[in-house]
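Dear colleague,

Please find below the structure that I am handing over to you. My findings follow directly after it.

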Amino acid sequence: ADTIRIGLSTKAWFPSFVAELTQQQGFFTKHDVKAELTVYQSGSEALTAIAAGAADLMSSNPSIVGEGREAGVNVKMVAMLATRNFGWQIMVPPKSGIKTVAELAKRKVGITSAGSNTDLLASWVKKKYAIDFIAIPVGGAGLVPNLISGNLDAVVIYPPLSYQVALDGNGRVLTDFSDEMPPHLEAGWAADDDYAAKHKDALKRALTALFEGVAYIKANPDAVIPQLAKYDGVSVEVAKQEYASTFGHLSDDGAMTRELVQETLNLYANGKKELDAAALFDGSFTPVAITR
Amino acid sequence: MATRDAVLGYGAAGAVFLALWEAAPRLGWVDERLLPPFSDVAAALGAMAATATFWQQVQLTLLETLTAFAIALPLGALLGVLVQESRLASLIFKPLIFFVFSIPKSIFLPIFILILGIAFWQKVAFGVFSTVFIVMMTTFSAVESVREDQLRVARSLDASTMQKILFVYLPSMTPVLLEAVRVAMIFNFTGILLAEMYASREGIGNAIGVWGLGFQIKELLAMVLFVSVLAIGFNEAIRYVEAKCEHWRN
Amino acid sequence: MSLVGPDHPAADAGKTLEVRDLDHTYSVNGKTTQALKDIAFDVSAGRFLSIVGPSGCGKSSLLMMLAGLLTPSEGVIAVGGRPLTKPDPTRVGVVFQDASLFPWLTARRNVEFPLFLRGVDKALRREKAEEALALVGLERFADSLPHELSGGMKQRVSIARGLVQDPPILLMDEPFAALDEQTRITMGDELLRIWEKARKTIVFVTHGLSEAIYLSDEVLVLSGRPGRILDRVVIDLPRPRSLDMMAQPRFAELREAIWHMIKA
Amino acid sequence: MSLVGPDHPAADAGKTLEVRDLDHTYSVNGKTTQALKDIAFDVSAGRFLSIVGPSGCGKSSLLMMLAGLLTPSEGVIAVGGRPLTKPDPTRVGVVFQDASLFPWLTARRNVEFPLFLRGVDKALRREKAEEALALVGLERFADSLPHELSGGMKQRVSIARGLVQDPPILLMDEPFAALDEQTRITMGDELLRIWEKARKTIVFVTHGLSEAIYLSDEVLVLSGRPGRILDRVVIDLPRPRSLDMMAQPRFAELREAIWHMIKA
Amino acid sequence: MTQVPRGRDASAGMSLETKARICRYAIIAAVIAAWEIVPRLGLVPRLFLPSLSSTLAVLAAQSGDFAIQMLVTLQEVAMALVFACGFGILFGLWVGSTLTVRKALLPVVSALFAVPLVVLYPLFTAWFGIGSASKVVFASVYGLLPTVLGTAAGAQTIDRQLTQAARSMGATRLQQILWVTLPASVPTVLASFRLGGALVIVGVVVAEMMMSSAGIGFLLSKYRTQLNSPGVFAAIILILALAIGFDLAVQAIERRWTAGGGRNKAARRPADMS
Ligand SMILES: Nc1ncnc2c1ncn2[C@@H]1O[C@H](COP(=O)(O)OP(=O)(O)OP(=O)(O)O)[C@@H](O)[C@H]1O
Ligand SMILES: Nc1ncnc2c1ncn2[C@@H]1O[C@H](COP(=O)(O)OP(=O)(O)OP(=O)(O)O)[C@@H](O)[C@H]1O
Ligand SMILES: [Mg+2]
Ligand SMILES: [Mg+2]
């Protein structure tokens, strides 16, 4: 079997669960690939791993890929998982007086780290509402504690933590990015150029396995939800919410379009030079056809 | 006598600490969500300890830690003595070592991944890297504390360099050096945890990192509690060796 | 007698000590102190030589040079006809002015230390150490650490450590200074006994004139700083010596003579 | 005389020393060494008392207790009628057996140190230190660090440090042990001169019997370990003392008497 | 102590120092050259090591921004230094020179130190806020414990006779610590100060890296997430500069100490072992 090393950009991001479940269900083995899953602290660490030759495939989006290519890491999107930021939200404390996004002006808003996805989303909000607020990086582990302690007025938060926080009554949703943002290539898989060139077939089979995993997830909510709860370390309640909002909407075949890629770049253009959308993805691996 | 004092000291400090920890959230001094009471955390730890994965993680991390330690300590001590012993070497290398020491090691993690991937030896190598400089720096000061008149006796007996190191420097430096061992252990452990948090498939650090991101604070604190107990255990083990050494010094 | 000539053929080879044209000046931060000047003497094999002189005249410095621990600014030192440039405990043993014990070793192990360095086996080492400790009257304190011993006891351990090495030449820097008179005399007699039996060469620094005369074949008298040789007094008292010799007029005469030299 | 009675009315208040029923046993790791037993004596104001006894009999230990540095296992010590439980340099000053100089301070600063602790102002401190150094003949070495000094010179600095404190009671532990005879006599005379002028109370440990007799009003003779008081010998030689007294029959008699006590 | 000098005379020191300096500069020059050449030859991905020139270019281009952040870091480091080293050294001396305190407290202190603090940092900010305070507290704690342990160990090795002498002169506990224990353990204290200082720098930077919106660590972490490696290395250069600055300060203290006639030399040993 060919080996493929998959780098997962944080455990909390849903592609990690897809990969994990695919592994558990034996789909990789079925397609004769040996997958090694590694969880990294963030997308940039996973990208670093690709540059270091420690990973071949990673969960990603065109914005990260674009920055990667600028820094000399040759990766391309090879499949798409989702077009919206399901469950990515801006939250405020339940008793907060802030009722609309516009009221965030001049407030302290927590993000994970400068340059991260939450940072990009925060910048996007600033632009859209033409407001200014102070984005304070507090690390993923610092978001909720600082929201609770009142150090922050709001946080940009990711799923399933966002659902958990709402459920626990520790935060109120101000806005959800899946409503705020137009469809774009938000999540998918990106492969190392070298690997894609040399192991075309193996990559194809790995993607097939991964999308078989997606199909399985979509088809078996009752079996998957408890597993999701366990994987994320959350209650079944939260897992149910995440399942409904995210996993129900995943792409079946991973197919991408140039427009979706371009839209991502437009949304996340953080003052950088124009990137060529076409150079950031490789459509030759999709659509992934799943044979049952 | 010394052990009894230590046990008493520990017992008292530990009891006060745990009582405070339990009382503070219960009485509303701190937000329970930010600091769950000790009993809750202990329960979470109990639940964790019942799983096999937990012990696998612990085992792996321990193995990495001990391997790194076994390499870093002798290496650092030897390099430390050699550098300090040569006036030229100490003039050349001491500042450089100090500068490397003052840079946060975690920014070098990608380079370790670049060279060693993300498996066992990458963690070990990073553990060694985080430890060896502090061992060297403490060794420098240990060597400096050796007294001239004692050294003169050894010189008059024409002791070889090795003999001087083993039978004059080492025993004379022991208090400072044992402190170095303790400090080194902590750096080593922290280094391994960091490497695991940064990128890995398993291990205690990985678990802590993930829980932090998911705001699973009970589990996080439970693991921190466990790690602390572990670290204190290490510390005590070294103290035990220290007591043995006291014997051996005599 | 040549300085760097062939070894002496006799059994006493290695027991002679020669010092030629020796000068020593310390310099610390540009400030210089001349400690010794124009020192030249020799000690033939098996002789007991004492060095006396005012405090700070360079006695300890001279001894350190004879031990190879300090390089003289000028001059040559030869032991058994071969020049001495670094410490060599098989040729020369030292007892230091300050006891200089290792604080982490018990009295016994301090005494065993030189043998241990030479790789002498454990049982023999122990035996010799106990013998030496008994000689200085400390068998009961073999297992005490230095800080549990009195000043005089520490110095006695240090003497035992010097004796146990059994070198052909023994240098001793005020070894009895911290001892009471009774112990001092006992130990002096012990030293003479060992010396007579083993026919060692001993160089003994002391500030006790009576002690110097009582023990020695010859007394080297140094002037105040910078130390020069004022005279070399041959002690023509018969051996074996005994305490009542101190009452003899010849003893008083010698004492008087040396005393006046130093006082001047 | 009451132990904890009212202060003595006279100018000599604070200069008496009383020791009652004193015992001392060291215990290290369960091993006990009895150092002193049944020690009781007193020193009236302005007296010069010497303590002699074999090495290891507890002289230094006794002195440490008189200085408040060591708590006796049993017994009471009172100075000037008030019990002494901790060091008090305004009442008692100490010169240690080993010089115990601070290696990072020059000779002058070592001597200044006790005054510095008391907050004496700089100029005065310096003046007093130089005076004391001159007294011990080391004015030229005021700026030397201890390691640049010979054994005897270090001890002299230590004596200067004791003198500069100018306490009503001065305890000295073998202060002249590292000195040559000439210096020793000069310093002994110096000490007597200071003592007579300032009418201090001095307790002086020595192993030189002649020295003890030459200097003291009384000599306390201790037995071997555990140290007990064998006798208290009053030295009835007239003052001021001079060297030729050593040749007097009374001197020899006293020496002989003490000598036999210790030897037994 | 000894009246025998160290085996070498002082005049040889000058040329040795020059030699060492030349060697050191040669090493630094080699590192600098490698830093420029290796990335240019493509031996390492640019992401891991950008060439020195590109790094310096970034540093120059954004010098204003770097300067502002550096100032923040400097303030935090300075405050943490006072806590960690100032308090740490005095506390360490006290603990190390008092037998009972040492027995009762030292195990607890070293056990505390054994807790890997980094994982608790998110909670640190919740407790101490997200401003400078949490960074200063974190770095202080981070640097404090090794300083205490090192100093205590040093204080333990000093000659007991010396403290006894001071006691006999009526020195108070504080006077003993300041004027006897401290100077007697200068080599260890200075080493602890060095160590503590370096850790304080690391602590501040790491804390800034983990969560903050200002400081050199913040920049570093931002550039890292943005995969802007010249920016990352520019920040590293600045951290190095901070370390060098601190080291120069320690050296100055050391020199002051050894001036006034090479104090403390007696307690030390010669550098050669021949
Ligand atoms: N810290 C200690 N622990 C245990 N025993 C000790 C300690 N200090 C002294 N002793 C013991 O107490 C006894 C008396 O010691 P001390 O130093 O008082 O004798 P000394 O009369 O001053 O002897 P010397 O003339 O040799 O200086 C000795 O037997 C010594 O072994
Ligand atoms: N390391 C040194 N640096 C500078 N000067 C020194 C050093 N060691 C000794 N001296 C000086 O050299 C001279 C001789 O010292 P030395 O120790 O040899 O004298 P000594 O005859 O043994 O005296 P004592 O009888 O007092 O022990 C003294 O004046 C001393 O100040
Ligand atoms: Mg001498
Ligand atoms: Mg004594």
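The shell around ligand 1 is made up of seven nonpolar, ten polar and four charged residues. Please bear in mind throughout that this is a predicted model. In total, 21 residues surround ligand 1, which lies between chains C and D. The closest of these residues are C:Glu148, C:Ser150 and C:Gly152 from chain C, together with D:Ser60 and D:Ser61 from chain D.

A polar backbone atom of D:Lys59 is 2.7 Å from an oxygen atom of ligand 1, and a polar backbone atom of D:Gly58 is 2.9 Å from an oxygen atom of the ligand. For D:Arg225 it is a polar side-chain atom that lies 3.1 Å from an oxygen atom of ligand 1. On its own, ligand 1 has 640 Å² of accessible area, and the protein covers 92% of that area. Which elements give two or more residues to the shell around the ligand? They are helix H4 (151-164) of chain C, and strand E1 (17-28) and helix H1 (59-66) of chain D.

I turn now to the chains. Seven pairs of chains are in contact, and among these pairs chains B and E share the most contacts. Chain E contributes 70 residues to this contact and chain B contributes 68 residues. Between them, chain E and chain B bury about 6,200 Å², of which 76% is on carbon and sulfur atoms. Across this interface the rule finds zero salt bridges. It likewise finds zero residue pairs in polar contact where both residues are at pLDDT 80 or more.

On the side of chain E that touches chain B, the elements that give two or more residues are helices H1 (11-40), H4 (99-114), H5 (121-128), H6 (132-156), H9 (186-210), H10 (216-225) and H11 (229-262) of chain E. The largest share, twelve residues, comes from H9(E). By class, the residues on this side of chain E divide into 50 nonpolar, eight polar and twelve charged.

Finally, two pairs of chains have no contact. No contact joins chain A and chain D either, with their closest C-alpha atoms 49 Å apart.

With kind regards

Notes: Residues are numbered from 1 along each chain as its sequence is written. Chains are lettered from A and ligands numbered from 1 in the order in which they are written. Side-chain values use heavy atoms; hydrogens and water are left out. A residue is near a molecule or strand if one of its heavy atoms lies within 4 Å of it. A polar contact is a pair of N or O atoms within 3.5 Å; within protein, one must be able to donate a hydrogen and the other to accept it, and residues adjacent in sequence count only if both atoms are side-chain atoms. Accessible areas come from the Shrake-Rupley method with a 1.4 Å probe; for residues, only the protein chains shown count as cover. Helices (H or I, at least four residues) and strands (E, at least two) are DSSP runs, numbered from the N terminus. Ala, Val, Leu, Ile, Met, Phe, Trp, Tyr, Cys and Pro count as nonpolar, Asp, Glu, Lys and Arg as charged, and the others, Gly among them, as polar. Contact means heavy atoms within 4.5 Å. Buried area is the accessible area (1.4 Å probe) that two parts lose on being put together, summed over both. A salt bridge is a side-chain nitrogen of Lys or Arg within 4 Å of a carboxyl oxygen of Asp or Glu.
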